[in-house]
Amino acid sequence: MADPKGFLTTGREVARTRPVASRVKDWDEVYVPGSLLPIISKQAGRCMDCGVPFCHNGCPLGNLIPEWNDYAYRGDWAAASERLHATNNFPEFTGRLCPAPCESACVLGINQPPVTIKNVEVTIIDKAWEAGLVTPQPPQRLSGKTVAVIGSGPAGLAAAQQLTRAGHTVAVYERADRIGGLLRYGIPEFKMEKRHLNRRIEQMRAEGTKFRTEIEIGRDIEADKLRNRYDAVVIAAGATTARDLPVPGRDLNGVHQAMEYLPLANKVREGDLTTAPISAEGKHVVVIGGGDTGADCVGTAHRQGAASVTQLEIMPRPGDDRPAHQPWPTFPMTYKVTSAHEEGGERVYSVSTTHFEGDEDGNVAWLHLIEVEFVDGKLTPKPGTEQRIPAQLVTLAMGFTGTDRENGLVGQFGLELDARGNIVRDADYATNVDGVFVAGDAGRGQSLIVWAIAEGRAAARGVDRYLTGESALPYPVRPTDRALAV
């Protein structure tokens, strides 16, 4: 145990963010550089090293949290990094982007603010990179087997790294022009600077993983040709079919899916574009959807100089405290204020969009909405609550409904889908097609980055067993596992 009295003598303290007035003028990460290091030892010392650490159960990766908390408390960054990487290929991603279900399950959180697990994690990995402790781990010998990974998001990258280190020759296929999937073009720079992604990709290259960009399986290469070329295939293409809003005026100019809007801002940051073709500059922006993708749209609109930003959510506003029906150690639905929300804008709950109104040129100008309430368990419009708000740019951030079926990948492989549009797989992450496996959102449905990495690691074990007859790779989650909830 790091500090036997740490949880009694030290309060929770998190990373400091830069002033709003300055950070909305750039795209750098919102946190004050180096602000964690002076406080992280004491914060790690709050960990109680519980006999039954429920944080393990809250994290699908099974991160060894009390162990690396102890090392971080003592300043042993090499040992902390080793323990961190034992269960997580990319802690610099999860430490910045994961909503930290481990903290909701922290035993200290029963009656106190939980340990700042996420902040400790990101400090460890940043110190490890700084000290040169993160190095390529190429296999000692090759198996002679080849694997194609379709998709380079967190699930695909995790599967590829695990299989490369196991000695297989792995090629990752990505339809975009750069590797990273949603990490590259879905996550804004202010949440994770792409240098963190770039150096991890270079590590994977040094280990032997091959990357093939601007190739879409199903369109550029037919599925059967890929299957014949490789001994196994891992589909980690994500759940990219966005939920739409089929209301009058949806076809007006200026109404876009979030994933049409966000990647353009990232392409500007990559230097591909001077200005984003879809920009919030000077416009009244409405974001439909109250989740993380919606918050990303809010923060992006602030940085592009929006005249106003309004975020709409059909569900009621969550409470500030853990609800009684969502007891510890479940992940509670509470009111969440992200860095983007700190920067301004209005959040409106319990409303539904009825239609869009355009100007004479066919551009969206107004959004019409109505308040809703639960009646007999169903969301029902409240008569007399109709209103309209200015909307010159609307982004739809209402989630995703399954993997892409328009590019031919699913049909060409002959993959079986479940009722939700996800690819069906067995306990080894194998699909109904011999030698074809699936990991991440393509099989689970829209989920968190930490689940994607866990699935990528587990699917790699299934592939390794298929190719060699046995495997020593870890199996952190089953396809049927779900987050601890009520």
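Is K127 buried or exposed at 19% relative accessibility? K127 counts as buried, where buried means under 20% relative accessible area, exposed over 50% and partly exposed in between (1.4 Å probe, protein chains only). The legends below show a predicted model, in which local features need pLDDT of at least 70, side-chain atom pairs count only at pLDDT 80 or more, and totals for chains, interfaces and linings use all residues. Residues are numbered from 1 along each chain as its sequence is written, and side-chain values use heavy atoms, with hydrogens and water left out.

View 1. Helices (H or I, at least four residues) and strands (E, at least two) are DSSP runs, numbered from the N terminus. E130 is exposed, with a relative accessible area of 63%.

**View 2. A salt bridge between R195 and E193.** The N to O distance is 2.7 Å. R195 is partly exposed at 48% relative accessible area, while E193 is buried at 14%.

**View 3. An open sheet of five strands.** Follow the order β5-β13-β6-β7-β8, with parallel pairing; two strands pair if DSSP finds at least two bridges between them. At the edges stand β5 (255-257) and β8 (346-349), each with a single partner strand, so one side of each is left without a neighbour in the sheet. Three bridges join β5 to β13 (residues 393-396), and Q257 has L396 as its bridge partner in β13.

**View 4. R322 and its surroundings.** You can find R322 in the loop between β7 and α16 (339-342). It is partly exposed, at 29% relative accessibility. Leaving aside neighbours within four places in sequence, R322 is in contact (heavy atoms within 4.5 Å) with several residues, including S104, W328 and T334. R322 and S104 are 218 residues apart in sequence and 9.7 Å apart in space, C-alpha to C-alpha.

Notes: A salt bridge is a side-chain nitrogen of Lys or Arg within 4 Å of a carboxyl oxygen of Asp or Glu.
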